[in-house]
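This report concerns strand pairing, nonpolar packing and aromatic contacts. The sequence and structure are shown below.

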Amino acid sequence: MFVVFLVLFISNRLSTKSTTEVEAESSIESKIAAEVASKYAVPAGVPIVTRVSDVAVLASVNSFYKDVRDGDWLLRYDGLLIAYRREEGRVLNVLEINKR
């Protein structure tokens with residue numbers, strides 16, 4: 001599970017984007033979260049939303065990513081990781097993450 005956290009942390013690292021770019025991304029991430037929530041019973045709270053950019057590395061580490069493609073979305077809720085393909089409006093995979 002540490003690998004999942006590490007991937008999400010690295011994907012969401014700080015960048016040198018303009019305020020407009022950050023606001024646009026935030027809006028897209030909110031839409032993605034709303035779309036997933038309409039298809040799957042997600043926990044309360046705001047997820048960490050990130051776009052997959054190197055699925056080959058992820059799939060080599062964890063079978064959760066076997067159906068995921070570059071450009072798909074990952075949503076990390078408290079205790080839950082969801083892979084989502086927006087073009088198809090489809091939840092690809094769901095992983096319950098044990099809380100310690």
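## Strand pairing and sheet

In this predicted model, β1 and strand β2 (residues 73-77) run antiparallel and are joined by four bridges. Within this pairing, arginine 51 has tryptophan 73 of β2 opposite.

The open sheet comprises four strands, ordered β1-β2-β3-β4, with antiparallel pairing. Its edges are β1 (48-51) and β4; each has a single partner strand, so one side of each lacks a neighbour in the sheet. On average, neighbouring strands of the sheet are turned by 20° against each other, direction ignored.

## Nonpolar cores

Twelve residues make up the largest nonpolar core. Val52, Val55, Leu58, Phe64, Tyr65 and Val68 belong to this core, as do Leu74, Leu81, Ala83, Leu92, Leu95 and Ile97. Two or more residues are contributed by each of the elements α3 (55-61), β3 (80-85) and β4 (90-96).

Another core, of ten residues, lies apart from the largest one. Its members include Trp73, Leu75, Leu80 and Ile82. Trp73 is also the residue that stands opposite arginine 51.

## Aromatic pair

A pair of aromatic rings is described by the distance of the centres and the angle of the planes. The structure contains one aromatic pair. The ring centres of phenylalanine 64 and tyrosine 65 are 4.9 Å apart and the ring planes stand at 90°; because an angle over 60 degrees counts as edge-to-face, the pair is assigned to that class.

Both phenylalanine 64 and tyrosine 65 are buried, and both are listed in the largest nonpolar core.

How values were computed
Residues are numbered from 1 along each chain as its sequence is written. This is a predicted model: local features need pLDDT of at least 70, side-chain atom pairs count only at pLDDT 80 or more; totals for chains, interfaces and linings use all residues. Side-chain values use heavy atoms; hydrogens and water are left out. Rings of Phe, Tyr and Trp (its six-membered ring) pair if their centres lie within 6.5 Å; planes under 30 degrees apart count as stacked, over 60 as edge-to-face and the rest as tilted. Buried means under 20% relative accessible area, exposed over 50%, partly exposed in between (1.4 Å probe, protein chains only). A nonpolar core is a set of buried Ala, Val, Leu, Ile, Met, Phe, Trp, Tyr and Cys residues joined through side-chain atoms within 4.5 Å. Two strands pair if DSSP finds at least two bridges between them. Axes are lines fitted to C-alpha atoms, for helices over the stretch in contact, and angles run from 0 to 180 degrees between N-to-C directions.
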